[in-house]
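Here is a short briefing on one protein chain. Take a look at the model first, then work through the points below.

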Amino acid sequence: MIPQRRGATPRAALVLLGVLALACGCEPLGDAAGESGPGPAYTVDYVVDGDTIDFAGPDGDTVRVRLLGINTPEVEHEGEAAQCGGEEAAGRLAELLPEGTAVQLVTDSRADAEDRYGRLLRYVETDSGDAGATLVSEGYAYAWAPSSAPDPDRLADYETATAAARAAGAGAWSDCPDLDESR
């Protein structure tokens, strides 16, 4: 089980800064100069579950990010039991992104900037590549886009990887054949 951290919420000012950065076309989040290319690195502060992470920003503020284009089963929270594969997905993400890991938060050209819970929607990239794509290809996550938003740019690649992982019984697919129906 992933321990629940208390008191880690995104600060309104940082979220507003992120929205303003997106409005000006800055990418990734935090590129206050408005230049394209890599912005400042964020570091992993805490893995909340298989598709949500708290990051420490360049100014030390915490931002909560929902991995864009994927979904994982839920971990145990708020009195609800974990879904099949949820703890495994969270554990694998914590292995991929240990505390202190430097990442780039990358925006999408079409997807919403944040979800209905106020989490930033971003691709999370390390020197090893796209963390969401790794989770999908290893069978701990599946391609997903909310029906209320445009499909993310990487959705087709994630769908192909989901089909391959499912067919191979990779990761959680071996124990949770209905992994993508847990939503």
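How many salt bridges does a search of the whole structure find? The search finds 8 salt bridges. A salt bridge here is a side-chain nitrogen of Lys or Arg within 4 Å of a carboxyl oxygen of Asp or Glu.

This is a predicted model, in which local features need pLDDT of at least 70 and side-chain atom pairs count only at pLDDT 80 or more, while totals for chains, interfaces and linings use all residues. Residues are numbered from 1 along each chain as its sequence is written, and side-chain values use heavy atoms, with hydrogens and water left out.

**Strand pairing**

- Helices (H or I, at least four residues) and strands (E, at least two) are DSSP runs, numbered from the N terminus.
- Two strands pair if DSSP finds at least two bridges between them.
- Strand 1 (residues 42-49) and strand 5 (residues 102-106) run antiparallel, joined by 2 bridges.
- Across this pairing, threonine 43 stands opposite alanine 102 in strand 5.
- Strand 5 also pairs with strand 6 (residues 120-126), in the antiparallel sense, over 3 bridges.
- Here glutamine 104 stands opposite glutamate 125 in strand 6.

**Arginine 66 and aspartate 51**

- The side chains of arginine 66 and aspartate 51 form a salt bridge, at 3.6 Å from N to O.
- Arginine 66 lies in strand 3 (residues 62-67) and aspartate 51 in the loop between strand 1 and strand 2 (52-56), so the pair ties together parts 15 residues apart in sequence.
- Buried means under 20% relative accessible area, exposed over 50%, and partly exposed in between (1.4 Å probe, protein chains only).
- Arginine 66 is buried at 5%, and aspartate 51 is buried at 2%.

**Glutamate 138 and arginine 92**

- Glutamate 138 forms a salt bridge with arginine 92, and their closest N and O atoms are 2.5 Å apart.
- Glutamate 138 sits in the loop between helix 3 (131-137) and strand 8 (142-143), and arginine 92 in helix 2 (residues 86-96), so the pair ties together parts 46 residues apart in sequence.
- Glutamate 138 is partly exposed at 26%, whereas arginine 92 is buried at 19%.

**Glutamate 125 and arginine 154**

- Glutamate 125 forms a salt bridge with arginine 154, with the closest N and O atoms 2.6 Å apart.
- Glutamate 125 lies in strand 6 and arginine 154 in the loop between strand 8 and helix 4 (155-168), so the pair ties together parts 29 residues apart in sequence.
- Glutamate 125 is partly exposed, at 26% relative accessible area.

- Salt bridges that share partners join Arg92, Glu95 and Glu138 into one network.
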